[in-house]
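I set out to record what can be looked up in this structure, entry by entry. I begin with the chain as a whole and then turn to single parts of it.

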Amino acid sequence: SGDMAGFLLLVTVIWAGLVGTLGPKLRHGWLLAIALLPPFGFLYLFKYLDFTLAVVDPGGAIRPNFGPILQFALPAGISFYTFQIAAYLIDIHDNKIERERNLILFATFASFFPQLIAGPILRYTELRDQLLFISTAKKLSPDVARGLKYLSVGLAYKIFFADILRHFQETHSLEAGGGSLDAGFAVFAYSFIIYFDFWGYSLMAIGLANLFCIELPRNFLEPYMSLSPKAFWRRWHVTLSYWIRDYLYLKLGGNRFYVRNIIIIFLAVGIWHGAGWNFLVWGGYHAILVIGYHVLRSPWDALPKPLQIFLTFVLVSLGWPLFYTDIGQYLAIMTTLFSFEAATGISQFGVGHWLYLALVACVVFGAREDRWLFNTNPHRLFDHPITHALTLFVSILFLSYGRTFIYFQF
């Protein structure tokens with residue numbers, strides 16, 4: 001998988017770079033389609049071909065013909081760098097950016113390693129001037145203190161608020177007689193798991209980039225503090241949300257066809273995350289949430305803000321199990337959750353588990369990152385080098401709880 005990921009990235013970067021520097025101007029739609037064919041073709045073959053065959057050929061008669069392709073694992077990061085390169089080509093077609101004549105500069109942008117596997121999804125304009133400055137500067141002064149701060153906090157987020165909760169959740173089994181409380185723990189724990197797993201990666205990527213004198217955009221803006229499902233998507237995986245807005249929603253007509261376009265873009269967001277019916281259902285679920293908020297906006301906005309935050313968090317959390325279950329298992333979890341029955345066997349989660357979950361919730365809903373993490377004025381505690389060193393050291397001590405980043409599979 002690693003060799004294939006590297007090979008596909010190399011081929012895609014060379015193709016897009018040559019098209020952008022030496023190829024014909026992408027004035028016509030058919031030229032843009034040809035330019036986009038290799039990156040999206042690779043994405044389809046390695047991510048969606050298997051799902052397509054399962055739908056159109058459930059008997060598996062033609063499946064052996066695609067054996068050489070299906071035997072490869074999904075190349076890491078293919079969805080992220082495909083969208084990044086596609087944005088570059090589309091922006092050239094739309095005359096939003098100039099063609100980059102320096103192939104090395106473009107290749108550096110497309111293969112910048114800290115955010116390569118799981119974002120943030122960059123636009124070329126966000127990196128070009130920084131790369132030009134670095135290539136011409138006689139002396140560079142990386143912000144080591146800030147880079148190490150983001151790196152250490154990102155790793156702590158990943159280990160303590162994602163992986164340890166994931167370790168707890170993996171002990172849960174509905175078949176073991178768990179009741180509504182156990183199902184509730186599994187659902188809401190995963191809500192924090194996927195957030196801190198992904199945000200932890202993005203934060204480490206931002207920190208590593210700082211060590212190379214590169215500024216990357218924030219990919220999460222405290223999304224669980226959102227006042228509505230619509231606001232949630234302005235704060236969760238921000239770079240993907242804006243990519244979908246700019247290159248799909250607006251090109252479909254934007255607000256002129258609001259309901260239709262919301263359904264389309266959220267089904268696209270669902271299938272982007274994974275090739276399966278569960279991801280399509282998850283995308284459709286969020287489309288319903290956003291459209292429902294659009295219809296009920298006046299009474300919703302009249303609610304007290306803490307209640308809006310609570311309802312948004314609960315509604316979003318109820319959809320996350322579709323990321324790790326099929327539709328049948330998801331319905332079983334929801335049935336157990338809303339049965340309001342006590343466990344018939346031994347409860348999977350004790351007081352200690354719930355206290356730990358409550359601690360994580362306090363961090364999510366109580367600690368404002370603009371005050372201590374992205375603060376402009378140095379904080380006596382959180383900006384001290386000893387704090388960074390201790391955070392990094394303690395996180396490394398608990399690496400045995402480490403799990404593969406969830407978004408690596410996307």
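Entry 1: The model I am reading is a predicted one. For the surface, I noted that the protein chain exposes about 19,400 Å².

**Entry 2: confidence.** I then checked the predictor's confidence. The mean pLDDT of the protein chain is 87, and 95% of its residues reach 70 or more. Which element has the lowest mean pLDDT, and which the highest? Helix α3 (residues 67–70) has the lowest, at 73, and helix α14 (residues 305–319) has the highest, at 97.

**Entry 3: overall form.** I counted secondary structure next and recorded 18 helices and zero strands in the protein chain. Along the principal axes, the C-alpha atoms fill a box of roughly 65 × 60 × 50 Å. I compared the radius of gyration with the rule for a compact globule: for 410 residues the rule gives a value near 22 Å, and the protein chain, with 22 Å, agrees. I also looked at contacts between residues at least 6 apart in sequence; of these, 77% join residues at least 24 apart.

**Entry 4: charge.** I found 29 positive and 24 negative side chains in the protein chain. The centres of the two sets lie 10 Å apart.

**Entry 5: helix α10.** I asked why helix α10 is described as largely enclosed by the rest of the structure. The helix spans residues 238–249, and nine of its 12 residues are buried, so the description follows from that count. I listed the buried residues as V238, T239, L240, S241, W243, I244, D246, Y247 and Y249. What covers these buried residues includes α4 (78–93) and α11 (258–273).

**Entry 6: residue N278.** I located N278 in helix α12, which runs over residues 277–295. Is N278 buried or exposed? Its relative accessible area is 13%; the cut-off for buried is under 20%, so N278 counts as buried. Leaving aside neighbours within four places in sequence, I found N278 in contact with L322, T325, D326 and I327. I also looked up the separation of N278 from A145, which is 133 residues apart from N278 along the chain. The C-alpha atoms of the two residues are separated by 42 Å.

Notes
Residues are numbered from 1 along each chain as its sequence is written. This is a predicted model: local features need pLDDT of at least 70, side-chain atom pairs count only at pLDDT 80 or more; totals for chains, interfaces and linings use all residues. Side-chain values use heavy atoms; hydrogens and water are left out. Buried means under 20% relative accessible area, exposed over 50%, partly exposed in between (1.4 Å probe, protein chains only). Helices (H or I, at least four residues) and strands (E, at least two) are DSSP runs, numbered from the N terminus. Contact means heavy atoms within 4.5 Å. The radius of gyration is taken over C-alpha atoms; the globule rule is 2.2 Å times the number of residues to the power 0.38. Accessible areas come from the Shrake-Rupley method with a 1.4 Å probe; for residues, only the protein chains shown count as cover. Lys and Arg count as positive and Asp and Glu as negative; His and the chain ends are not counted. The place of a charge is taken as NZ of Lys, CZ of Arg, CG of Asp or CD of Glu. pLDDT is the predictor's confidence in each residue, from 0 to 100.
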